[in-house]
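Subject: Structure handover

Hello,

Please find the structure below, with the sequence. My notes come after it.

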Amino acid sequence: MSLFEQITNCSAVLTEKLQGRTPKIGLVLGSGLGPFADTFAQKIEIPYSAVPGLPSSTVHGHKGQFVSGTLNGTHCLAMQGRLHGYEGFTAQETVMPIRTMIASGITTLIITNAAGGLNPEWPPGTLMLITDHIRLQSGHPLNGPNEERLGPRFPDMTEAYSLELRNIALASAEQMGTTLQQGVYVANDGPAYETPAEVRFAKVIGGDAVGMSTASEVIAARHMGARVLGISCITNYGAGLSSELLDHSEVTEVANRVKKTFQGLLTEIIRSISN
Ligand code: HPA
């Protein structure tokens, strides 16, 4: 079966489960942010496993489902839990839920993640608007024959993270009195955190944050023509930048601590996008 047929089939199942709704804005909720979808009205939860053809997520703390619902009247479709390469999925597989959301009507995608910060002046809990990324991950989500019905063989990535959406995010943050830093996200494979030398390297090549997700999702979204906004929650200093050792529980703890601010910002951004 071609990729186009796979996506069309997944989208047909998702659309049926959405009971006629056409979602406008898609969200990928990273570590600790999953509960944001619980603020939706008229929720419908659809586990990835209920959509034949989609790989399902296994990582601790990731739920692995779509949540459909409205936020101040705007129809959103969130991914509660994403797929990571380190779970054993190929890059092409990790972006299947993204492609399915876009095939089901999403034109704007808001991607969130937890990341390690490379700027010593950004304490854990800092929110960072992603201006661009550097992808150091193995495999590529567009590897294999290109499916012209989904997008071009060589998609442009000059403005992978929409300037218009970034300006909306900055204005929303300002209106809320929330500080939103800006920077470049460096995507690594994980699941081991970076070594201090890798963190120094990420900084030297122009990075401001390091993480294990997002870049492939953005590539697939741009391939299919959706516009993208990305925001990182800096949950820790990159390895070697502080005396602390890295621990996943710290990541989720910090993400939980800023959850309210992050959710408030997302709500405001979605309100602005919809106006
Ligand atoms: N590195 C990679 N991924 C991460 C980090 C980190 O320091 N923190 C949260 N996700």
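This is a predicted model: local features need pLDDT of at least 70, side-chain atom pairs count only at pLDDT 80 or more; totals for chains, interfaces and linings use all residues.

Residues are numbered from 1 along each chain as its sequence is written, and side-chain values use heavy atoms, with hydrogens and water left out.

Ligand site

The side chain of Glu 194 has an N or O atom 2.7 Å from a nitrogen atom of the ligand. On the backbone side, an N or O atom of Ala 114 is 3.3 Å from a ligand nitrogen atom, and a polar backbone atom of Gly 116 is 3.3 Å from a nitrogen atom of the ligand.

Helix pairs

Helices (H or I, at least four residues) and strands (E, at least two) are DSSP runs, numbered from the N terminus. Axes are lines fitted to C-alpha atoms, for helices over the stretch in contact, and angles run from 0 to 180 degrees between N-to-C directions. Angles under 35 degrees count as roughly parallel, over 145 as roughly antiparallel, 65 to 115 as roughly perpendicular and the rest as oblique.

H3 (residues 96-103) packs against H6 (residues 215-223) at about 30°, with the axes 9 Å apart. H3 is therefore roughly parallel to H6. Contact here means heavy atoms within 4.5 Å. On the H3 side the residues are Ile 98, Arg 99 and Ile 102, and they meet Glu 217, Ala 220, Ala 221 and His 223 of H6. By class, four of the contact residues are nonpolar, one is polar and two are charged (Ala, Val, Leu, Ile, Met, Phe, Trp, Tyr, Cys and Pro count as nonpolar, Asp, Glu, Lys and Arg as charged, and the others, Gly among them, as polar).

H1 (residues 3-17) also meets H3: their axes come within 8 Å and cross at roughly 65°, so the two are roughly perpendicular. Leu 3, Gln 6, Ile 7, Cys 10, Ser 11 and Leu 14 of H1 make the contact with Met 96, Arg 99, Thr 100 and Ala 103 of H3. This contact has six nonpolar, three polar and one charged residues.

For H4 (residues 163-176) and H8 (residues 259-274), the axes come within 9 Å and cross at roughly 125°; the pair is therefore oblique. Residues of H4 in the contact include Leu 165, Ile 168 and Met 176, and those of H8 include Leu 265, Glu 268 and Ile 273. The classes are eight nonpolar, five polar and one charged.

Backbone details

The Gly 190 to Pro 191 peptide bond is cis, with omega near -5°. Pro 191 sits in the loop between strand E7 (180-187) and helix H5 (196-204). Gln 42, in strand E2 (residues 41-47), has phi near 50°, a positive value in a residue other than glycine.

Regards

Key:
A polar contact is a pair of N or O atoms within 3.5 Å; within protein, one must be able to donate a hydrogen and the other to accept it, and residues adjacent in sequence count only if both atoms are side-chain atoms.
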